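Open the model in your viewer and keep the selection panel at hand.

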Amino acid sequence: MPSPRRNADGRPLAASASSSSSPGSPAHGGGGRFEFQSLLSSRAPGADPTCARLRASDSPVHRRGSFPLAGAGPSQAAPAPLPEEDRMDLNPSFLGIALRSLLAIDLWLSKKLGVCAGESSSWGSMRPLMKLLEISGHGIPWLLGTLYCLARSDSWAGREVLMNLLFALLLDLLLVALIKGLVRRRRPAHNQMDMFVTLSVDKYSFPSGHATRAALVSRFILNHLVLAIPLRVLVVLWAFIVGFSRVMLGRHNVTDVAFGFFLGYTQYSIVDYCWLSPHNVPVLFVLWNQQ
Ligand SMILES: CC(C)=CCC/C(C)=C/COP(=O)(O)O
């Protein structure tokens with residue numbers, strides 16, 4: 001009878017997994033076995049007897065020479081195939097590992113790029129400029145500016161475009177607040193919360209509201225204003241710089257901004273699809289005309 005495999009302090013692995021070691025800790029053993037064990041033990045201990053058997057030393061992974069690819073001899077019984085539900089369980093674990101790795105890279109990169117996060121940071125002297133960019137992409141100037149232009153507009157075409165810009169800005173605020181409230185990802189630890197007018201959900205960072213607005217507004221402007229090429233390039237540059245400045249200020253992680261750009265870009269498609277005009281919402285325009 002082969003004796004059970006033992007960990008560094010001489011206890012059988014099965015006992016070690018259920019008593020003192022946390023899943024995935026080095027006490028489970030070294031090399032590839034450690035990774036398999038951490039995957040298999042991702043379920044609640046004791047929740048499923050099958051899972052408990054797999055964690056224990058009689059698992060095919062733990063029996064020396066019984067791993068199918070290691071060329072099991074004819075005298076050794078072939079390991080029983082994993083039950084269906086356990087095979088399916090491995091895939092989310094791999095996906096989980098991939099996601100966790102992506103998040104780790106995201107945090108590391110965001111911290112590295114957060115060079116204006118404080119006055120004493122390596123590019124701290126650029127912080128006032130970054131904060132100016134922050135205001136240029138803030139919701140309040142965009143909302144007030146649109147309302148002001150709407151009040152001053154004397155053409156139907158102008159009003160229609162501005163009305164849709166207002167709708168786009170409000171839709172953006174709503175969707176960002178909704179997603180921030182659902183995801184609840186905290187802002188980076190190195191962020192100083194000294195932002196100009198925030199809503200309660202703005203303590204969360206995913207997605208970046210500035211990035212969504214920058215992508216939405218720039219796409220809107222490019223599609224509805226006749227601008228010379230240099231100005232069009234400037235609009236696109238502004239959107240990218242606003243997004244990048246969020247990471248430099250330490251307000252956001254890279255993935256918050258990347259998703260923000262994606263969301264803002266998509267929001268424009270929604271606005272374009274639901275375009276408000278005197279034909280589909282005459283009441284809005286008639287009411288405006290009576291004022
Ligand atoms: C108060 C109004 C009308 C808008 C809030 C704008 C704001 C502070 C968004 C947060 O942006 P980030 O998610 O990029 O930090």
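Helices here are DSSP runs of H or I with at least four residues, and strands are E runs of at least two. The model is predicted.

Now go inside. Select Met 130, Phe 220, Trp 238 and Val 271: they have the most contacts within the largest nonpolar core, a set of 28 residues. Color the helices that each give two or more residues to this core: α5 (127-136), α6 (139-152), α7 (156-183), α8 (209-224), α9 (229-248) and α10 (254-273). Helix α7 supplies the largest share, 7 residues.

Zoom in on Met 130. What does it touch, beyond neighbours within four places in sequence? Cys 116, Ser 245, Met 248 and Leu 249 are in contact with Met 130.

A separate core of 5 residues comes next; select Ala 211, Ala 215, Val 257 and Phe 261 among them.

Finish on the surface. Show Ile 229, Leu 231, Val 233, Leu 234, Leu 237 and Ile 241 as a nonpolar patch. Together they have about 560 Å² of accessible area. Stop at Ile 241, in helix α9. Its relative accessible area is 42%, so Ile 241 counts as partly exposed, a class that runs between 20% and 50%.

How values were computed
Residues numbered from 1 in each chain as written. Predicted model: local features only at pLDDT ≥ 70, side-chain atom pairs only at ≥ 80, totals over all residues. Heavy atoms only, no water. Core = buried A, V, L, I, M, F, W, Y, C linked by side-chain atoms within 4.5 Å. Buried < 20%, exposed > 50% of the residue type's maximum accessible area, 1.4 Å probe, protein only. Contact = heavy atoms within 4.5 Å. Patch = residues over 30% accessible without salt bridge, like charges linked within 9 Å, V, L, I, M, F, W, Y side chains within 5 Å. Areas by Shrake-Rupley, 256 points an atom, 1.4 Å probe, with all protein chains shown as cover. Salt bridge = Lys/Arg side-chain N within 4 Å of Asp/Glu carboxyl O.
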